[in-house]
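Please read the following report with the sequence and the 3D view side by side. The text moves from the whole chain to single residues.

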Amino acid sequence: MSKGTVSSFVRLIAAVIFMLCLTQMIAGQTNQQPGEKETLQALLTEVRMLRQALQSLQRMSIDTYRSQILVDRIRVNREDVRRLTTSLNETRDLLAKTQTTIPQFIDRQKLLESQVQLEIDQDKRAQLEFEAKRTKEAIEMYKSQLVSLREREEQMSAQLISEKTKLDELENRLDLIERGIENDRQRLENDKTAPERKP
């Protein structure tokens with residue numbers, strides 16, 4: 001809360017106490033004249049207005065505190081969304097690369113197997129067979145990697161949607177609180193200028 005708000009708050013409390021004491025003193029008088037009744041009514045109206053202003057200031061103070069907590073939570077949540085988005089994009093890139101690598105390795109395996117059939121030299125043939133076997137193992141490895149990458153993408157995508165939903169909810173709550181603070185502030189301004197307008 002700013003120093004100006006605190007000082008207004010203290011002045012309001014002092015005014016409310018003063019008005020309450022004054023009201024009690026006036027109410028204690030038994031010989032009331034018609035003019036005194038009007039004065040008393042005016043004082044009571046003023047006390048009610050001061051009470052409403054005090055309640056508005058209390059609400060604004062609580063709402064300001066709540067909004068600060070929400071701002072901190074939104075900052076953390078945005079960081080989570082940013083981190084998840086980066087990780088999801090990296091996973092999708094790796095998934096795309098793996099998906100394009102598998103057909104290339106399958107083509108290489110077929111080529112090596114056909115070369116094995118044609119090769120007469122036993123040493124070269126053994127080397128080609130070894131390369132074909134390694135290529136086949138690589139294909140299996142990439143296929144299992146593909147499954148785990150798809151699972152990870154699915155989990156991260158669901159988590160990202162959940163975090164974005166939370167972020168939207170927090171931002172909506174902050175927006176409501178800020179509108180409430182603005183409405184209370186506007187009401188206080190209107191209440192302050194209303195007595196000035198009266199002749």
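This is a predicted model: local features need pLDDT of at least 70, side-chain atom pairs count only at pLDDT 80 or more; totals for chains, interfaces and linings use all residues.

Residues are numbered from 1 along each chain as its sequence is written, and side-chain values use heavy atoms, with hydrogens and water left out.

**The chain as a whole**

The chain has three helices and zero strands, where helices (H or I, at least four residues) and strands (E, at least two) are DSSP runs numbered from the N terminus. Along the sequence this gives the pattern α-α-α. The predictor's confidence in each residue, called pLDDT and running from 0 to 100, has a mean of 80 over the chain, and 76% of the residues reach 70 or more. Confidence is lowest in helix α1 (residues 3-28), with a mean of 62, and highest in α3, with 85.

Of the 199 residues, 24% count as buried; buried means under 20% relative accessible area, exposed means over 50%, and partly exposed lies in between (1.4 Å probe, protein chains only). Contact means heavy atoms within 4.5 Å, and among contacts between residues at least 6 apart in sequence, 82% join residues at least 24 apart.

**The nonpolar cores**

In soluble globular proteins, nonpolar side chains tend to be buried together. A nonpolar core is here a set of buried Ala, Val, Leu, Ile, Met, Phe, Trp, Tyr and Cys residues joined through side-chain atoms within 4.5 Å. The largest such core has 13 residues, and Leu70, Ile74 and Leu160 have the most contacts inside it. The elements that give two or more residues to this core are α2 and α3, and α3 gives the most, with seven residues. Apart from this core lies another, of five residues, among them Leu95, Ile102, Ile139 and Leu146. Leaving aside neighbours within four places in sequence, Leu70 is in contact with Leu170, Arg173, Leu174 and Ile177.

Thr98 counts as buried because its relative accessibility is 3%, and Asn77 counts as buried because its value is 7%. The table lists their contacts, not counting residues up to four places away in sequence.

| Residue | Relative accessibility | Residues touched |
|---|---|---|
| Thr98 | 3% | Tyr142, Gln145, Leu146 and Leu149 |
| Asn77 | 7% | Glu163, Lys166, Leu167 and Leu170 |

A polar atom of the Thr98 side chain lies 2.7 Å from the backbone oxygen of Leu94, whereas the side chain of Asn77 reaches the backbone nitrogen of Leu167 at 3.4 Å.

**The aromatic pair**

Rings of Phe, Tyr and Trp (its six-membered ring) pair if their centres lie within 6.5 Å; planes under 30 degrees apart count as stacked, over 60 as edge-to-face and the rest as tilted. By this rule the count comes to one aromatic pair. Phe105 and Tyr142 form this edge-to-face pair, with 5.4 Å from centre to centre and 65° between the planes. The pair links distant parts of the chain, since Phe105 is in helix α2 (residues 34-118) and Tyr142 is in helix α3 (residues 122-197), 37 residues apart. Phe105 counts as partly exposed because its relative accessibility is 25%.

Methods. A polar contact is a pair of N or O atoms within 3.5 Å; within protein, one must be able to donate a hydrogen and the other to accept it, and residues adjacent in sequence count only if both atoms are side-chain atoms.
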